[in-house]
Amino acid sequence: MTRTRFAPSPTGFLHIGSLRTALFAYLFARHEKGKFILRIEDTDRNRLVEGSIDQIIRSLEWGGIQIDEGIEINKDGNLVQKGECGPYIQSERLKIYQEYIQILLESDNAYYCFCIRERLDHLRKTQEANKQATRYDGHCRSLSLKETKKRVAHGEPAVIRLKMPTEGTINFVDMVRGEVSFENKQIDDQILIKSDGFPTYHFAVVVDDHLMKITHVIRGEEWISSTPKHIALYQAFGWNVPFFAHLSLLVNEQRQKLSKRHGDISLEDFKEKGYLVEALINFISFLGWNPGDEREMFTLKELEKEFTFKKVSKAPAVFNREKLNWYNKQYIIAMNPEELVDNALPFFIQHGLVNPESIERDFLVRAVQLEQGRAVTLVDLVEALGFLFASSLIIEPELLVWKKSTRDDAKEKLNQVVIFFQTIKEGEWNKVKLKEKTMVWIQENDFCIGNVLWPVRVALSGQKNSPGPFEIAGVLGKDKTIVRIRSAASLL
RNA sequence: GGCGCCAUCGUCUAGUGGCUAGGACACCAGGUUUUCAUCCUGGGAACAGGGGUUCAAUUCCCCUUGGCGCUACCA
């Protein structure tokens, strides 16, 4: 059975690049009808950020990525672990690592190292100065286990290093890159256990992936260079080596790794800016993957069905905001108005346009349609709709005058429209009827369309650009519409 | 410096030993339109360079160049 995992460090919010890694691991698991596991890698005690486990899980949940095993947030808001291979938080697995490192020590695949920081620093500097590869020189490599254990027992600080083979090569077939090969002699004697007793990533990841029966290790490209160390570890233990898939990095427009400095990299950020999950997931999945034909709108379910590593590309992908915007717009257009209100409601409240105590849902459902088709994000949508909620509009009088018209004419037309609108029955007050009747009226009176519709639209919206006058009037209702036109006319 | 990965329009990408190298976003022009958005029509835009292999290379191999990653008692 296929088992994949996502193994973030709780050092902050969920990075958009991490989301992509998680998404691909999730999609592959679903495609193979396997399991997707969440494990927390918190072995670096210095970089922990309080609350980030919660935040990562919530982001994953928001993205629709379901965790089969690992950690979840229960109804009371507490973190709970589920699954047979736990615990799923590395800091709770210290005993396991201690146990497994002994095996390596006994089989002479690992050794205690007592080298102090100063020596290591000096070593590195010398190597750099001589333009050599910087790596541990094996100073403690041949110390006997008996002796080193004695020193450790006496309280001498030590780390445990992997005793890398010095000859031969390690080859593996990467699911996205194909055959990859490294010479053993190039590979450092990686520290496996730090002097604080915690394992390093390299040791913990191998022990955990094995114990959690992970069949496919799917992770970012930055790990490809350390994969031979991991394979050496699997071999030292005599364990089966899993399949690897190293995903290309996500980069910004300057082709650098996406980072905090450039803003907008956490899922949270995108959510707050009014991006829809569906759009984000669709967009992200197309960064380095494609279905092989020309379709481009995919739901999560459809992605689960179609995803395959055969179609994952090797080159790094630029995170292109324009395309994301296009996707978001498409998803907003495709939504039914009810759904759109559900999604936009928090933003209406946040912008102070809607009182959570008294939500006029029907009004919102009609209102939202004015900007659906125009808005790129939900924030755009809500902001563009602000004029509907204003008790009165502040309008620059000149704006009421159409480019081919005059101030006096605009005033006159507005006044005539008021008189005409008053003749329309409440039952016919909707954008379709209104438009029909008004167009006939304009024609009968031999008016120029722009001379009438421009000032009316501005009178209703107060804006240079806005939805059409009939749409707005339909939402506003007869009374408010007439009040707005009257007050605009009085400005001229 | 060492090791590794990568290379098709500005961007995401399709593609094949022989094609007018396809699509999408963005951009430009025209049309529709009271504004914006939409919509329609059209347009410009790519196989990094050099060697091979081959009847034929964008495609296969090598080199160069460029980009990126790793090179921590961080992940």
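Gly462 comes directly after helix α18 and has a positive phi, near 75°. The model is predicted. Chain A is divided into four parts: domain 1 (3-90 + 250-318), domain 2 (93-247), domain 3 (335-386) and domain 4 (397-489). Between the centres of domain 2 and domain 3, taken over C-alpha atoms, lie 54 Å.

**Helix α18**

- Helix α18 covers residues 449-461, 13 residues in total.
- From its first C-alpha to its last, α18 reaches 18 Å, close to the 18 Å expected at 1.5 Å a residue.
- Because 10 of its 13 residues are buried, α18 is largely enclosed by the rest of the structure.
- The buried residues of α18 are Val452, Leu453, Trp454, Pro455, Val456, Arg457, Val458, Ala459, Leu460 and Ser461.
- These buried residues pack against α15 (386-389), α16 (407-422), α17 (431-444), α19 (469-476) and α20 (478-489).

**The contact of α18 with α20**

- Two packed helices are described by the angle between their axes and the distance between the axes.
- The axes of α18 and α20 come within 8 Å of each other and cross at roughly 110°.
- The two helices, α18 and α20, are therefore roughly perpendicular to each other.
- On the α18 side the contact involves Val456, Ala459 and Leu460, and on the α20 side Thr481, Arg484, Ile485 and Ala488.
- By type, the residues of this contact are 5 nonpolar, 1 polar and 1 charged.

**Helix α9**

- Helix α9 (residues 277-285) is mostly covered, with 8 of its 9 residues buried.
- Buried in α9 are Glu278, Ala279, Leu280, Ile281, Asn282, Phe283, Ile284 and Ser285.
- The partners against which the buried residues of α9 pack are α1 (16-31), α8 (267-272), α10 (300-306) and α11 (321-334).

**Backbone features in loops**

- A cis peptide bond runs from Gly86 to Pro87, with omega near -5°.
- Pro87 sits in the loop between β4 (79-82) and α3 (94-106).
- Lys33 is not a glycine, yet its phi is positive, about 55°.
- The loop that holds Lys33 lies between α1 and β2 (35-38).
- Lys33 has 9 other C-beta atoms within 10 Å and is exposed.
- Lys213, also not a glycine, has a positive phi of about 55°.
- Lys213 is located in the loop between α6 (201-211) and β10 (216-220).
- Lys213 counts as partly exposed, because it has 15 C-beta neighbours inside 10 Å.

Key. Residues are numbered from 1 along each chain as its sequence is written. Chains are lettered from A and ligands numbered from 1 in the order in which they are written. This is a predicted model: local features need pLDDT of at least 70, side-chain atom pairs count only at pLDDT 80 or more; totals for chains, interfaces and linings use all residues. Domain bounds come from an automatic or database domain assignment. Helices (H or I, at least four residues) and strands (E, at least two) are DSSP runs, numbered from the N terminus. The expected span of a helix is 1.5 Å times one less than its number of residues. A residue is buried if 20 or more other C-beta atoms lie within 10 Å of its own, exposed if 12 or fewer, and partly exposed in between; C-beta atoms are placed from the backbone. Two residues are in contact if their C-beta atoms, placed from the backbone, lie within 7 Å. Axes are lines fitted to C-alpha atoms, for helices over the stretch in contact, and angles run from 0 to 180 degrees between N-to-C directions. Angles under 35 degrees count as roughly parallel, over 145 as roughly antiparallel, 65 to 115 as roughly perpendicular and the rest as oblique. Ala, Val, Leu, Ile, Met, Phe, Trp, Tyr, Cys and Pro count as nonpolar, Asp, Glu, Lys and Arg as charged, and the others, Gly among them, as polar.
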